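Subject: Structure handover

Hello,

Here is the structure I promised to pass on. Please open it and keep it beside this email as you read.

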Amino acid sequence: MRHGLEISCGGASVTVSDLVALGELAERAGWDGVFLEDYLIHHAGDDPPTWDPWLVLAAVAGRTDRVRLGTTVTALPRRRPAKLAREVLTLDHLSGGRAGVAVGVGDPADRGLAAFGEPTDVKTRAAMLDEGLDLLVGLLGGERVTHRGAHYRADGVALRPAPVQSPRVPVWVGGSLQAGAVLRRAARADGIVPYKVTDTAGWSDVTADEVRDLVAALPATRADGQPFDVAIGGRRRRPDERAERAYLAELAAAGATWWLEYVPAGDPAGMRAAVARGPLR
């Protein structure tokens with residue numbers, strides 16, 4: 001199981017230089033991946049500074065050699081799939097084949113949806129994700145894509161150059177573990193980023209048994225023949241590191257391929273310290 005960081009893309013005290021430096025530090029500290037949130041208006045505070053993840057990741061790509069780079073997650077319904085594919089393909093070449101992208105319907109609390117007139121109805125966004133996912137997957141594989149749907153169109157077009165990675169840049173699908181549509185969509189891609197939220201406790205850890213169920217329900221391998229990615233996490237490291245290591249070992253034994261530790265927006269020194277301590281292995 002590989003260990004990645006999910007890093008906030010904004011916050012009152014976080015500069016764009018801070019985010020680039022965190023990405024560079026992550027490689028030195030032994031992390032396997034750097035994944036940024038993707039918001040137009042970050043959720044921490046009242047209109048806080050917010051940075052574009054793809055531009056930040058492009059800068060990080062030039063300062064690193066090993067870590068994988070991507071987002072968790074990009075709200076595909078507020079993007080043009082072809083434009084997103086062009087950005088991801090460019091990062092794939094800048095990084096020498098280390099790019100990826102995770103997509104979903106979007107955070108219901110994302111102020112950047114309604115504020116800019118984007119669809120907020122969940123059914124509409126879900127339909128746009130279903131349609132846009134097929135288009136994105138095809139374009140990220142260098143395929144010539146023909147598509148005419150309710151929301152998107154492509155007339156026999158391919159994006160060149162082809163990706164560094166073969167057969168395509170990996171695509172993950174994020175969403176609620178309780179929603180069956182997430183499994184269906186993820187099976188058309190290369191990985192899943194599930195989360196679990198309960199009405200009483202809010203955030204809740206995915207269990208090893210739930211990971212086993214996911215692994216059993218998803219393809220054994222993705223398009224390149226590698227194991228289908230099951231990326232678990234999305235929260236901070238807990239203080240009891242012995243218990244945390246035991247939990248991560250259970251996830252790995254159940255078939256999780258990534259653990260994603262969250263670094264929330266905050267004081268830049270505190271964010272650097274969270275990255276510098278490196279992964280729990």
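Below are the findings, grouped by region. One point before them: the model is predicted.

**Aromatic pairs**

Searching the whole structure turns up four aromatic pairs. Take Phe 35 and Trp 172 to begin with. Their ring centres are 5.5 Å apart and their planes meet at 35°, so this pair counts as tilted. The two residues come from distant parts of the chain, 137 residues apart. Phe 35 sits in strand β2 (residues 33–36), and Trp 172 sits in strand β8 (residues 171–176). Both Phe 35 and Trp 172 are buried.

Tyr 247 and Trp 259 make another aromatic pair, this one edge-to-face. The centres are 5.8 Å apart, with 90° between the planes. Tyr 247 belongs to helix α8 (residues 241–254) and Trp 259 to strand β13 (residues 258–263), so the pair ties together parts 12 residues apart in sequence. Both Tyr 247 and Trp 259 are buried.

There is also an aromatic cluster, made up of Phe 35, Trp 172 and Trp 258.

**Ala 102**

Trp 172 turns up again here. Ala 102 lies in strand β5 (residues 101–104). Its relative accessible area is 0%, so Ala 102 is buried. Which residues does Ala 102 contact, leaving aside its neighbours within four places in sequence? They are Thr 71, Thr 72, Val 73, Thr 74, Trp 172 and Val 193. For scale, Arg 281 is 179 residues from Ala 102 along the chain, and their C-alpha atoms are 24 Å apart.

**Helices α2 and α3**

Helix α2 covers residues 53–61, and helix α3 covers residues 81–94. Their axes come within 9 Å and cross at roughly 10°. Angles under 35 degrees count as roughly parallel, and α2 and α3 are therefore roughly parallel to each other. From α2, the residues in the contact are Trp 54, Leu 57, Ala 58 and Ala 61. They meet Leu 84, Glu 87, Val 88, Leu 91 and Leu 94 in α3. By type, the residues of this contact are eight nonpolar, no polar and one charged.

**Lys 196**

Is Lys 196 buried or exposed? Lys 196 has 11% relative accessibility, and buried means under 20%, so Lys 196 counts as buried. Lys 196 lies in the loop between β9 (191–195) and β10 (197–198). Its side chain makes a polar contact with the side chain of Glu 210, at 2.9 Å.

Best wishes

Conventions:
Residues numbered from 1 in each chain as written. Predicted model: local features only at pLDDT ≥ 70, side-chain atom pairs only at ≥ 80, totals over all residues. Heavy atoms only, no water. Axes fitted to C-alpha atoms, helices over the stretch in contact; angles between N-to-C directions. Helix = DSSP H or I, 4+ residues; strand = E, 2+ residues; numbered from the N terminus. Parallel < 35°, antiparallel > 145°, perpendicular 65-115°, else oblique. Contact = heavy atoms within 4.5 Å. Nonpolar A, V, L, I, M, F, W, Y, C, P; charged D, E, K, R; others polar. Buried < 20%, exposed > 50% of the residue type's maximum accessible area, 1.4 Å probe, protein only. Polar contact = N/O pair within 3.5 Å; in protein donor to acceptor, adjacent residues only side chain to side chain. Phe/Tyr/Trp six-rings, centres within 6.5 Å; stacked < 30°, edge-to-face > 60°.
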